[in-house]
Amino acid sequence: MLKEWIAENGDSVEGLTIRLAGGTLGVAAAMNESAFETNLIVLPLVFLLIFIFVMLFYTSWHAGMMMLLAMLFATTLTYAYMGLNGLSIDINTVPVIAVGIGVGIDYSIYMMDRIREEMARHGNLREAVRRSISTTGMAISFTALALMAGIIMWVIFSDLRFQADAALLLCVMIVINGIAAMLLVPSWVLAFKPRFVTDVYADDDGILHAGRHPPTPSPSSEPSREQNDGFVPGEPYRA
């Protein structure tokens, strides 16, 4: 507000120079401005980093896009909530947003990975999604409620406005990210059927692979009598 007033009225008196105040208020204002400007750079870089890590781990750009969509959905709604409640991006809210993104993206990764496991086990996409929501979705709900149970105490008992606002903001972010994980990720999988989910299979060691079909074992790879302790299919077992 001071900067706007100085820009409009600062030249009205010849020879008058208006400078912003120093001290505690001036330093706090400068820190808030720096936090806002830095957040515009750091947040996209965080999104890009998570996209790259997920894409490399699952060897699929579609997996990275799915997580990026979940993050954008949750972060956009979080900023909308902040705007409706008059919360600004400053040194108090930026750490809360960072924590919320870090906690929230885990939920989407849990759900996506569980869908792949169920798909490798049952081979039916709709059934895999249903079982994932009923198992991992329950775990996500329990984890979110456990986190909120401790945080909500700041809202109820704290007399400091910052603690109450920060706690409520973090609770909102947890809820939004939980909704994205349990609704947005399964819906995306059912609608677009990404190959890293639909073509997944588990090898002999239980490791999931996608994008290709498992190799057909050759006849020479069958175990011999010595390898399987003398047992040959179709013949009586002799120790």
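1. First, a term: helices here are DSSP runs of H or I with at least four residues, strands are runs of E with at least two, and both are numbered from the N terminus. With that in hand, tryptophan 188 and phenylalanine 192 both sit in helix α6, four residues apart, or about one turn of the helix.

2. A quick caution before you read on: this is a predicted model, where local features need pLDDT of at least 70 and side-chain atom pairs count only at pLDDT 80 or more, while totals for chains, interfaces and linings use all residues. Residues are numbered from 1 along each chain as its sequence is written, and side-chain values use heavy atoms, with hydrogens and water left out.

3. Back to the rings. Phe, Tyr and Trp rings (the six-membered one for Trp) pair if their centres lie within 6.5 Å; planes under 30 degrees apart are stacked, over 60 edge-to-face, and the rest tilted. There are three aromatic pairs in the structure. Tryptophan 188 and phenylalanine 192 have ring centres 4.6 Å apart and planes at 40°, so this pair is tilted. Elsewhere, Phe57, Tyr58 and Phe196 make up one aromatic cluster.

4. Now the core. A nonpolar core means buried Ala, Val, Leu, Ile, Met, Phe, Trp, Tyr and Cys residues joined through side-chain atoms within 4.5 Å; buried is under 20% relative accessible area, exposed over 50%, and partly exposed in between (1.4 Å probe, protein chains only). The largest such core has 46 residues, and Met66 and Met112 have the most contacts inside it. Elements giving it two or more residues are α2 (23-58), α3 (61-84), α4 (93-122), α5 (125-157), α6 (161-192) and α7 (195-198). The largest share, 13 residues, is from α6.

5. What does methionine 112 touch, not counting residues up to four places away in sequence? Its partners are Val54, Tyr58, Ala63, Met66, Met67, Val185 and Phe196, where contact means heavy atoms within 4.5 Å.

6. Serine 132, in helix α5, is worth a click. Its relative accessible area is 0%, so serine 132 counts as buried. Its side chain reaches the backbone oxygen of arginine 114 at 3.4 Å. (A polar contact is a pair of N or O atoms within 3.5 Å; within protein, one must be able to donate a hydrogen and the other to accept it, and residues adjacent in sequence count only if both atoms are side-chain atoms.) Beyond four places in sequence, serine 132 contacts Met111, Arg114, Ile115, Glu118 and Gly137.

7. Most residues other than glycine have a negative phi. Threonine 59, in the loop between α2 and α3, has a positive phi near 50°, and at 68% relative accessibility threonine 59 is exposed. Lysine 193, in the loop between α6 and α7, has a positive phi near 45°.

8. More on lysine 193: at 48% relative accessible area, this residue is partly exposed. Its side chain reaches the backbone oxygen of leucine 190 at 3.0 Å. Leaving aside neighbours within four places in sequence, lysine 193 is in contact with Leu125, Trp188 and Thr198. Lysine 193 and histidine 62 are 131 residues apart in sequence but 10.0 Å apart in space, C-alpha to C-alpha.
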